[in-house]
Amino acid sequence: MFTEFFEAVARFDFMRHALLTGVLVGVASGIVGTYVVTRRITYIAGGIAHAVLGGMGIAFYFSTVYKLSYLHPYYGAVVAALAAALTIGFVSLRAKQREDTIIGAIWAIGMAVGVLFISQTPGYGENLMSYLFGNILLVSANDLYLIGALDVVILLIVIAFYNQLQVVCFDEEFARIRGINVEFYYLLLLCLVALTVVLLVTVVGVVMVIALLTLPAAIAGFFSRTLKKNMVLAVGLSIAFTTFGLAVSYSPNLPAGATIIIVAGIVYLLVMLSKGGLFTRGS
Amino acid sequence: MTDQPAVIFENLSFAYGGRTVIEGGNLSIDVGEFACIVGPNGGGKTTLAKLMLGLLKPTTGSVRVFGKPPAQVRSRIGYMPQHIQLDPRFPVSVLDVVLMGRLGNGKLFGPYTADDRRAAELALREVELLDKRDRPFSELSGGEQRRLIIARAVACEPELLLLDEPTTNLDPRVERELYKVLDDLNRRMTVVVISHDMAFVSQFVQKVICVKRQIHVHPTSAIEGKMFAEIFGEDIRMIRHDRHSEH
């Protein structure tokens with residue numbers, strides 16, 4: 001069934017790039033996704049993901065119209081993601097009751113800015129589709145360096161601040177009384193989410209980021225008793241879903257991003273049903 | 001003065017939103033003492049705890065903890081709040097939770113040290129949870145969770161342990177065990193417990209601080225059921241215990 005896929009891996013650079021991208025992105029998203037699921041900030045991650053389109057659209061427009069070839073859409077994505085994360089973070093720390101409104105506004109405005117800039121950029125507009133739904137088969141060697149660099153930054157931050165991030169996610173009030181700078185670590189966590197979202201946009205696109213960020217971590221949650229184990233298992237699942245999704249989608253020429261999400265979604269549903277998490281029996 | 005009291009309130013008043021919560025209160029808790037703060041709901045017990053932690057500032061008068069403004073010595077206080085809102089499904093082990101007590105105090109990053117682990121394990125032994133160190137937090141019973149949170153406060157190596165309603169919703173047998181744990185801890189540190197229930201407290205503590213807007217301090221030996229009835233009405237459960245009766 002997968003012979004064509006394995007032949008393609010052996011023959012084409014783009015297939016090997018795609019697989020390596022899945023591994024690199026899986027490391028970041030398994031780790032950060034675990035924080036997103038346990039701290040319950042999925043909606044914030046969704047807002048950041050959609051705001052990314054604005055940054056990518058602006059960078060794409062200026063790099064095309066003004067021939068600024070060094071202005072990779074990734075840079076626009078990183079700036080937009082961090083700006084969205086810090087805005088949402090400050091709002092949620094300062095004025096809690098308005099948090100969901102602000103997230104919704106950032107979500108929609110980011111999309112609108114992205115669509116406008118991409119529509120005004122000369123060309124065929126195929127970039128809009130790849131930003132929205134992912135373009136893992138178009139990852140270049142140059143992109144891989146950027147993905148790897150972001151991965152290293154995320155890993156180093158999590159290793160250095162693991163215990164502090166854990167206490168801030170588990171018991172914010174205790175952390176505050178112990179003199180831990182809760183605001184700093186919360187904003188740091190949102191910045192990690194922002195960087196991870198940028199990585200995931202490559203694989204599954206803006207629209208489906210939340211699924212690949214949270215489903216592996218949520219599945220791992222059923223089998224994990226510590227945060228560290230949850231992260232390790234989520235990384236493994238994320239890599240497995242991406243690899244398997246790529247393999248399944250190759251021969252029938254299905255969109256890779258959507259196939260990856262379907263694979264993750266089916267596994268999540270099966271685990272939920274077998275663990276009795278969806279319905280409780282009345283007997 | 002070398003022999004500072006652990007906590008001292010001088011002529012303290014606290015008003016919140018125009019409502020006077022504490023009025024003209026004086027109290028002092030000595031180092032090594034086991035004190036209990038009692039009073040009706042809404043009488044200002046938790047306010048008193050938050051004043052001791054420096055989370056609230058007095059409207060008039062002063063609070064000193066170990067001779068200093070409380071916010072400066074907060075790291076020397078192990079505090080357990082009344083309402084602990086924790087996600088029961090959060091993936092942490094019992095040991096992970098206790099180790100959280102070792103954070104803060106200017107430690108900004110990096111892993112736990114061998115000293116941290118020793119202090120955490122000692123705290124777990126003191127609340128008799130050492131054999132459950134690798135169990136997930138979600139598998140603990142209500143009483144075990146309460147003991148775990150006390151262990152985490154103890155792992156901070158505090159000089160003052162301040163517990164707000166540690167026995168709420170615990171059955172009397174578990175409650176009694178908990179007070180024995182606190183009695184043991186009192187050999188090493190000053191203990192202040194907030195309670196609305198005098199049933200078990202009176203046989204362990206040396207000082208009872210009654211709060212109902214005003215603050216009255218009594219040595220335990222002077223406690224009479226009648227006195228409580230006068231101060232609080234009939235809503236206080238009171239069982240007369242002799243301090244030296246057999247357990």
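Residues are numbered from 1 along each chain as its sequence is written, and chains are lettered from A, with ligands numbered from 1, in the order in which they are written. Because the model is predicted, local features need pLDDT of at least 70 and side-chain atom pairs count only at pLDDT 80 or more, while totals for chains, interfaces and linings use all residues; side-chain values use heavy atoms, with hydrogens and water left out.

## Chain B

Chain B contains 6 helices and 9 strands. Helices (H or I, at least four residues) and strands (E, at least two) are DSSP runs, numbered from the N terminus. Of the 247 residues in chain B, 53% are buried. Buried means under 20% relative accessible area, exposed over 50%, and partly exposed in between, with a 1.4 Å probe and protein chains only. The accessible surface of chain B is about 11500 Å², and carbon and sulfur atoms hold 47% of that surface. Accessible areas come from the Shrake-Rupley method with a 1.4 Å probe; for residues, only the protein chains shown count as cover.

Contacts (heavy atoms within 4.5 Å) in chain B with a separation of 6 or more come to 67% from residues 24 or more positions apart.

The predictor's confidence in each residue is given as pLDDT, from 0 to 100. Chain B has a mean pLDDT of 84, with 86% of its residues at 70 or more. Where pLDDT is low, the predicted coordinates should not be read in detail.

## The interface

Chain B gives 33 residues to the contact and chain A gives 24 residues. About 2600 Å² is buried between the two chains, 56% of it from carbon and sulfur atoms. Buried area is the accessible area (1.4 Å probe) that two parts lose on being put together, summed over both. B:F90, B:P91 and B:L103 supply 24% of the area that chain B buries against chain A, more than any other three residues.

The rule finds 3 salt bridges across the interface of chain B and chain A. A salt bridge is a side-chain nitrogen of Lys or Arg within 4 Å of a carboxyl oxygen of Asp or Glu. A:D171 and B:R152 form a salt bridge with an N to O distance of 2.7 Å.

## Salt bridges

Over all chains the structure has 21 salt bridges. The table lists some of them.

| A:D171 | B:R152 | 2.7 Å |

In chain A, salt bridges that share partners join A:R39, A:E172, A:R176 and A:E183 into one network.

B:E165 is buried, with a relative accessible area of 3%, and B:K45 is buried, with 6%.

A:K67 sits in the loop between α3 (42-65) and α4 (73-94) of chain A and is exposed, with a relative accessible area of 69%.

B:R102 lies in the loop between α2 and α3 (114-126) of chain B and counts as buried because its relative accessibility is 17%. Leaving out residues up to four places away in sequence, B:R102 touches B:K107, B:Y112, B:D115, B:D116, B:A119, B:A155 and B:E157.

Helix α11 (residues 256-274) of chain A has 19 residues and should span 27 Å at 1.5 Å a residue, which agrees with its end C-alpha atoms being 27 Å apart. The expected span is 1.5 Å times one less than the number of residues. Buried residues in α11(A) include A:A256, A:I260, A:V263 and A:M272. After α11(A) comes A:G276, with a positive phi near 65°.
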